[in-house]
Amino acid sequence: MSQDFWDEHYSSAEQLFSNNPNPVLVDEVADLPPGRALDLGCGEGADARWLAERGWQVTAVDISQVAIDRAMKLGDSDAITWVRGDPLADPPTPTSYDLVSMQYLHSVPRSDGGQTARAIANAVAPGGTLLIVGHEIREGHNWKGIDPRDFYDPHDFAELLGDEWTVLIDRTQPRTTAPPGNSHHTHDTVLQAVRSQ
């Protein structure tokens with residue numbers, strides 16, 4: 001899950017994704033008042049652009065420079081700061097964002113004992129929202145030789161949250177859009193939690 005790994009993945013096609021925002025983000029964030037948002041694993045930037053169009057000031061982070069460059073070409077905005085970064089090496093600033101969104105970023109390893117996962121959650125400011133969406137992980141599934149069970153999924157994040165959090169959603173649900181290409185992913189695991197003031 002290095003930068004080289006993701007640069008190669010994004011370089012495999014001129015555009016990997018639809019350029020539409022993720023449906024769970026739209027469903028759960030549309031009515032939130034805009035503020036400061038952190039989009040971790042921003043990919044080609046559709047979520048960041050959607051947030052910026054609704055008044056959010058967005059820090060959009062991806063480990064892949066190819067993804068960041070492509071995101072900027074697909075549509076830049078003064079409301080978006082594009083960052084090539086890795087939360088494992090450079091965790092986000094604590095209590096700095098009214099929304100931390102992580103959509104299908106399966107690269108927070110269990111091997112560090114939850115240190116990176118806690119740092120991501122801790123980036124949410126008091127009163128802010130944590131929204132994490134991932135593919136449902138099924139027995140025997142792997143991707144490019146990688147076992148997704150080696151990484152935290154949204155439910156695992158829920159178990160790390162302390163008493164200052166209210167969990168609004170912690171469930172597996174059918175995808176509301178068809179998975180890309182020949183993907184067998186038909187269900188998502190979703191966590192939405194609010195940090196107390």
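Predicted model: local features only at pLDDT ≥ 70, side-chain atom pairs only at ≥ 80, totals over all residues.

Q: What kind of aromatic pair do Tyr-152 and Phe-157 form?
A: The structure holds one aromatic pair, and Tyr-152 and Phe-157 make it up, at 6.1 Å centre to centre. Their planes are 70° apart, and anything over 60 degrees goes into one class. That makes the pair edge-to-face.

Q: Which residue lies over the face of Tyr-152?
A: Look 5.3 Å from the ring centre of Tyr-152. An Arg counts here if its CZ is within 6 Å of the ring centre and within 35 degrees of the ring normal. The residue sitting there is Arg-110.

Q: Is Thr-129 buried or exposed?
A: You'll find Thr-129 in strand 5, residues 124–135. Beyond its neighbours within four places in sequence, Thr-129 has contacts including Leu-32, Leu-99, Val-100 and Gln-192. Its relative accessibility is 5%, and the limit for burial is under 20%. Therefore Thr-129 counts as buried.

Q: Which strands each supply at least two residues of the lining of the second largest pocket?
A: That lining has 14 residues, with Val-61, Val-83, Asp-90, Pro-91 and Pro-92 nearest the centre of the pocket. By class, eight are nonpolar, three polar and three charged. The strands asked for are strand 1 (36–40), strand 2 (57–62) and strand 3 (80–84).

Q: How much space lies in the second largest pocket?
A: Rolling a probe the size of a water molecule over the atoms shows where empty space is left. For the second largest pocket, the space comes to about 180 Å³.

Conventions:
Residues numbered from 1 in each chain as written. Heavy atoms only, no water. 1 Å grid on protein atoms, 1.4 Å probe; cavity = no way out; pocket = protein on both sides within 12 Å on 5 of 7 lines; lining within 4 Å. Points joined across faces, edges and corners; volume = space filled by probe spheres on them. Helix = DSSP H or I, 4+ residues; strand = E, 2+ residues; numbered from the N terminus. Nonpolar A, V, L, I, M, F, W, Y, C, P; charged D, E, K, R; others polar. Buried < 20%, exposed > 50% of the residue type's maximum accessible area, 1.4 Å probe, protein only. Contact = heavy atoms within 4.5 Å. Phe/Tyr/Trp six-rings, centres within 6.5 Å; stacked < 30°, edge-to-face > 60°.
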